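Trainee: Can we go through this model together? I'd like to start with the strands.
Mentor: Fine, here it is.

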Amino acid sequence: MEIRELKISANISGGTAAAGAKTYRITLPSSWVKKMDLDHADAKAEVVFDGTSIIIRPKVSEDILLFQSQALKAGHEVVRYEYFVQETLCSTILCDFTEKILRVKNHTDQILKTAFGRQERPTWDDFIEFLEERCVPKSRENINILLKEMGLTEYDPIQIVEKTQGRMAEDAQWLKITRL
């Protein structure tokens, strides 16, 4: 990891901006931009703000296959989750475990049968919550005995779903999981 102190420049906004509005800029080192493969005319960056930090990363494609290709090319851990209702594929979820980002493609117009409903850009937290819904509840009595029977030492929705395919007694939904 390389750390540099960069100057932030402030400019007074013009046009229809509110009185006293400013814009801010930081100039990035060329070597960083080149390493991120953002040094060409059609390059796009994705900027994420979590309340305390700003992360700048190459924009990943909305196209699920291009997203997969880019993540694998970068050497990331990628897992495909195919969400079924009975034998019907309803959603494909591609997860980049290295960057903790995902892309979803729905294969049905029936919102109630999709993995994330109307949500088009679920977050990593949304994904973990989705997996938790496909697991035995963490508060279940004797959960430690169940985990031990699965060969697990702690409650981890990712590992539980890998063991159970996300199958629940009360529904016909399940997940096919493929490590790419």
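Mentor: One definition before we start: two strands count as paired if DSSP finds at least two bridges between them. Keep in mind that this is a predicted model.
Trainee: How many bridges join strand E5 to E8?
Mentor: Seven, and the two strands run antiparallel. E5 covers residues 78–85. As an example, Val 79 has Arg 179 in E8 as its bridge partner.
Trainee: What's the strand order in the sheet they belong to?
Mentor: E7-E6-E5-E8, an open sheet of four strands with antiparallel pairing.
Trainee: Which strands stand at the edges?
Mentor: E7 (101–106) and E8 (173–179). Each has a single partner strand, so one side of each lacks a neighbour in the sheet. On average, neighbouring strands are turned by 20 degrees against each other, direction ignored.
Trainee: And which helix packs on the sheet, touching E5, E6, E7 and E8?
Mentor: H3, residues 124–133. Its direction makes about 130 degrees with that of E6, which spans 88–96. Helix H5 (residues 157–164) lies across E5 and E8, at about 105 degrees to E8.
Trainee: Switching to rings. How many aromatic pairs does a search of the whole structure find?
Mentor: Seven. One of them is Tyr 83 with Phe 130: the ring centres are 5.2 Å apart. Their planes stand at 80 degrees, and the cut-off for edge-to-face is over 60, so that is how the pair is classed.
Trainee: Where do those two sit in the chain?
Mentor: Tyr 83 is in strand E5 and Phe 130 in helix H3, 47 residues apart.
Trainee: Last topic, pockets. How much space lies in the second largest pocket?
Mentor: About 360 Å³. Its lining includes Arg 4, Trp 32 and Met 36.
Trainee: Which strand gives the largest share of that lining?
Mentor: E4, residues 54–58, with three residues. Ile 54, Ile 55 and Ile 56 are among the lining residues.

Conventions:
Residues are numbered from 1 along each chain as its sequence is written. This is a predicted model: local features need pLDDT of at least 70, side-chain atom pairs count only at pLDDT 80 or more; totals for chains, interfaces and linings use all residues. Side-chain values use heavy atoms; hydrogens and water are left out. Axes are lines fitted to C-alpha atoms, for helices over the stretch in contact, and angles run from 0 to 180 degrees between N-to-C directions. Contact means heavy atoms within 4.5 Å. On a 1 Å grid over the protein atoms alone, a cavity is a set of points where a 1.4 Å probe fits but cannot get out, and a pocket is an open set with protein on both sides within 12 Å along at least five of seven lines; lining residues have an atom within 4 Å of a point. Grid points are joined across faces, edges and corners, and a volume is the space filled by probe spheres set on the points. Rings of Phe, Tyr and Trp (its six-membered ring) pair if their centres lie within 6.5 Å; planes under 30 degrees apart count as stacked, over 60 as edge-to-face and the rest as tilted.
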